[in-house]
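Colleague: I would like to learn how to read packing features in a model. Please take them one at a time, with the general idea before the case.

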Amino acid sequence: GGLMALHNLVERLTTLGWAVACPVTPLMATVEKLLNQYPPQQPVAEKMLTWWHDTWRHRLARMGMVAHMLWETMLALLSFLGEVMVAYGRLALQPWRFPLRETSANVYRAGVRAVPIIALTTFLIGIVLAYQSITQLARFGAQIYTVNLLGLGILREVGVLITAVVVAGRSGSAFTAELGIMTLNEEISALRVIGLDPLRTLVIPRVTALMVALPALTLLANLVALAGGAVIMASLMDIALAQYLSQLAKAISAQHFWLGMLKAPFFGFVIGCVACYEGLSTAPSAQSVGLHTTRSVVRGLFLVIILDAVFSIIYATLGV
């Protein structure tokens, strides 16, 4: 590099009319021989431009590569879910080895500390749903049935889904970042060296914590969202709390409540497994930690929505 810089300087001065005596020129012949052994590299921007303007065969190949990557990711995630289930099976045979202390700590972090954001979010969601429902049902003079709509929608779908979204964005990303930093610092490798199973010591407590915390948070979300609806009903329609509760009791039953609560442990299991999988898959770089944290939230929410659709199909098939 220094030789080339001197050579360029000599050429520039020579072009300006200066007489330069420098022993660089004989050495540049040797340098040029070395450079000529390597083919010229195409710039990255030019490569990208060539790629996008290439034929349809290359675009089809790109689509195939993306599909193959998604397939490999799905298989790896399913394999990880199987390993988690095997770890739960081993702990079922040896319950005294269950990491209860770590699980309780994660329940506090993922559940108790998430109460304020869950309560605020679902309260506002209840207000918005009630206001929009009253506005639409007022055209038919059926504002009182807003209570029915709120009860069914919140207990069966909205409460558990909003809770899962908030938990995936809050606790799922935190779990991925923690495990990613541990992978970056080679703490996971250190655990394996001293004979500890990362699944039992790191993954099981986090997944179990979400399976325990999410139903409790869903119950809180349902109550707070219905309270938000009651506030709007009282302020816009002058419906007292007793009348609101009476109409709510007529509209819903315990079955609707349990059908919504049944989804919560499964959502927690999926969010926890995806978060831990992405954390353990992190490469030893800071950029990889951020990338896998983003993937954890996106894939967790995607799988939660798919699972919610599966539950809806099952409920419709069973007629409940």
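Predicted model: local features only at pLDDT ≥ 70, side-chain atom pairs only at ≥ 80, totals over all residues.

Colleague: How are two packed helices described?

Modeller: Two packed helices are described by the angle between their axes and the distance between the axes. Here, take helix H9, residues 198–237, and helix H10, residues 241–251: their axes come within 10 Å and cross at roughly 125°. That angle makes H9 oblique to H10.

Colleague: Is the crossing of H9 and H10 left-handed or right-handed?

Modeller: The H9 and H10 crossing is right-handed. On the H9 side, the contact is made by Leu226, Gly229, Ala230 and Met233, and on the H10 side by Leu241, Tyr244 and Leu248.

Colleague: How many residues in the contact of H9 with H10 are nonpolar, polar and charged?

Modeller: By class, six residues in the contact of H9 with H10 are nonpolar, one is polar and none is charged.

Colleague: Now single residues. Is Ser171 buried or exposed?

Modeller: The label comes from relative accessible area, and under 20% means buried. Ser171 has a relative accessible area of 3%, so Ser171 is buried. This serine sits in helix H7, which covers residues 146–184.

Colleague: Which residues is Ser171 in contact with, leaving aside its neighbours within four places in sequence?

Modeller: With those neighbours left aside, Ser171 is in contact with Ala110, Val166 and Leu210.

Colleague: Where is Thr121, and is Thr121 buried or partly exposed?

Modeller: Thr121 belongs to helix H6, residues 115–137. Its relative accessible area is 24%, so Thr121 is partly exposed. Not counting residues up to four places away in sequence, Thr121 touches Ile162 and Val166. Thr121 and Val166 are 45 residues apart along the chain, and their C-alpha atoms are separated by 8.6 Å.

Colleague: What about the aromatic rings? How many aromatic pairs does the structure hold?

Modeller: There are five aromatic pairs in the structure. One of them joins Phe257 and Trp258, with ring centres 5.0 Å apart and planes at 70°. Planes over 60 degrees apart count as edge-to-face, so the Phe257 and Trp258 pair is edge-to-face.

Colleague: Which labels do Phe257 and Trp258 get for accessibility?

Modeller: Phe257, at 23% relative accessibility, counts as partly exposed. Trp258, at 56%, counts as exposed. For another pair, take Phe311 and Tyr315: the ring centres are 5.9 Å apart and the planes are at 55°, so the pair is tilted.

Colleague: Where do Phe311 and Tyr315 lie?

Modeller: Both Phe311 and Tyr315 lie in helix H13, four residues apart, or about one turn of the helix. Helix H13 spans residues 286–318. Both Phe311 and Tyr315 are buried, and for Phe311 the relative accessible area is 9%.

Colleague: Which residues is Phe311 in contact with, again leaving aside its neighbours within four places in sequence?

Modeller: Those contacts are Leu262, Lys263 and Phe266. Between Phe311 and Lys263 there are 48 residues of separation along the chain, while their C-alpha atoms are separated by 7.6 Å.

Colleague: Which residues do ring pairs link into a cluster?

Modeller: The cluster consists of Phe266, Phe267, Phe311 and Tyr315, linked by ring pairs.

Conventions. Residues numbered from 1 in each chain as written. Heavy atoms only, no water. Axes fitted to C-alpha atoms, helices over the stretch in contact; angles between N-to-C directions. Helix = DSSP H or I, 4+ residues; strand = E, 2+ residues; numbered from the N terminus. Parallel < 35°, antiparallel > 145°, perpendicular 65-115°, else oblique. Left-handed = near helix turned anticlockwise from the far one by under 90°. Contact = heavy atoms within 4.5 Å. Nonpolar A, V, L, I, M, F, W, Y, C, P; charged D, E, K, R; others polar. Buried < 20%, exposed > 50% of the residue type's maximum accessible area, 1.4 Å probe, protein only. Phe/Tyr/Trp six-rings, centres within 6.5 Å; stacked < 30°, edge-to-face > 60°.
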